[in-house]
Amino acid sequence: MRDTATADKPTSKLAKGFAGLFLVLILAGLAARFWLIDKANEFTGPMHVTAGDGQVYLNVSGAIARLSAKGDLLEVKPLREAGLPVDPIDLRLLESGELLVAGQQPASIHICETDNWVCRPLGGPPIGRIQRQFKVLPAQEQGRWLLTDARGDTLWQLDESATELVEMLPAKTLAGANGLTFDAEGNLWVADTDKQRIVELLPTAEGVFETGREHSGVNELTIGERHFPMLIETGPDKRLWVAQAAEFSEAHSDLVIYDPIDGAAEVVSLPTNAYATDLAISGKDVLLTDLERFTVYAVDGATREVREF
């Protein structure tokens, strides 16, 4: 599976001059946003998204865009201006209203106050051991964070007061771990990509985790070998919404909805060749970024209607 990170790409003076307008066109959802499609390789499409409290934050083309829950563009902040990695690997809006921005190569985590874009690093050198894509989730204990590690095939815990990461699972429990979420009951679930499953992780008396329930990504609802769970969020219906891709063809993705107890329950078909890179919950909508199409989809959590955000 291809990483969701992309390398910085050189831009011409003309392309740099158009970059701001291009970004606005993308986010506004106008048909004209494709007028620079021949220059698309000079930009990155919407990569990561997070939402909460009536706002949506979107990473696109080296900037963080803040939008309303209806998709109105409110602010664009170039990542370099905030001293942040220009190619984030994860975004997460925290309950405090702060924005978590994670970068890779080298791995880093920053917590930002979005009213003034003052950002502080989290974790420091210990997280440098993570070499590829990872996802971050606040643990249920304040001051602790859970990090999946796609290359290290594991789950780490980061304690803000500690100097090292703590491995939370026995070796080879996970393979290519990606998205993670707490379900409506407070149980932790991980998209265990290379093992083609979503898996529940339960805390043990020793302070680490062990596996609980699991549901295979290979089931009667998956289409076209889209057996690889990549992203997972707890949806408005309190079930697990999972973006699944086809091996070596991540530009073919759908959403599979799992009941935590009974397993795969529904599938939401995405447009042909959709390349799902991130999921977020915004009110009754499930938002999904499509890197290749420079698009953000909104899926109605009740009707399952898919529309452009």
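## Cys119 and its disulfide

Cys119 is partly exposed, at 21% relative accessible area, where buried means under 20%, exposed over 50% and partly exposed in between (1.4 Å probe, protein chains only). Its disulfide partner is Cys112, with 2.1 Å from S to S; a disulfide here is a pair of cysteine sulfur atoms within 2.5 Å. By that rule the count is 1 disulfide.

Cys112 has 0% relative accessibility and so counts as buried. The torsion about the S-S bond of Cys112 and Cys119 is about 110 degrees, which means that the disulfide is right-handed.

## About the model

This is a predicted model, in which local features need pLDDT of at least 70 and side-chain atom pairs count only at pLDDT 80 or more, while totals for chains, interfaces and linings use all residues. Residues are numbered from 1 along each chain as its sequence is written, and side-chain values use heavy atoms, leaving out hydrogens and water.

Let's turn to His110, which sits in strand E7 (residues 108-113). Strands (E, at least two residues) and helices (H or I, at least four) are DSSP runs, numbered from the N terminus. His110 is buried, with a relative accessible area of 15%.

Leaving aside residues up to four places away in sequence, His110 touches several residues, including Leu84, Pro85, Val101 and Cys119. Contact means heavy atoms within 4.5 Å.

## The E9 to E12 sheet

Strands E9-E10-E11-E12, in that order, form an open sheet of 4 strands with antiparallel pairing. The edge strands are E9 (134-138) and E12 (166-167), each pairing on one side only.

E9 pairs with E10 (residues 144-149) over 5 bridges, in the antiparallel sense; two strands pair if DSSP finds at least two bridges between them. Lys135 stands opposite Thr148 in E10.
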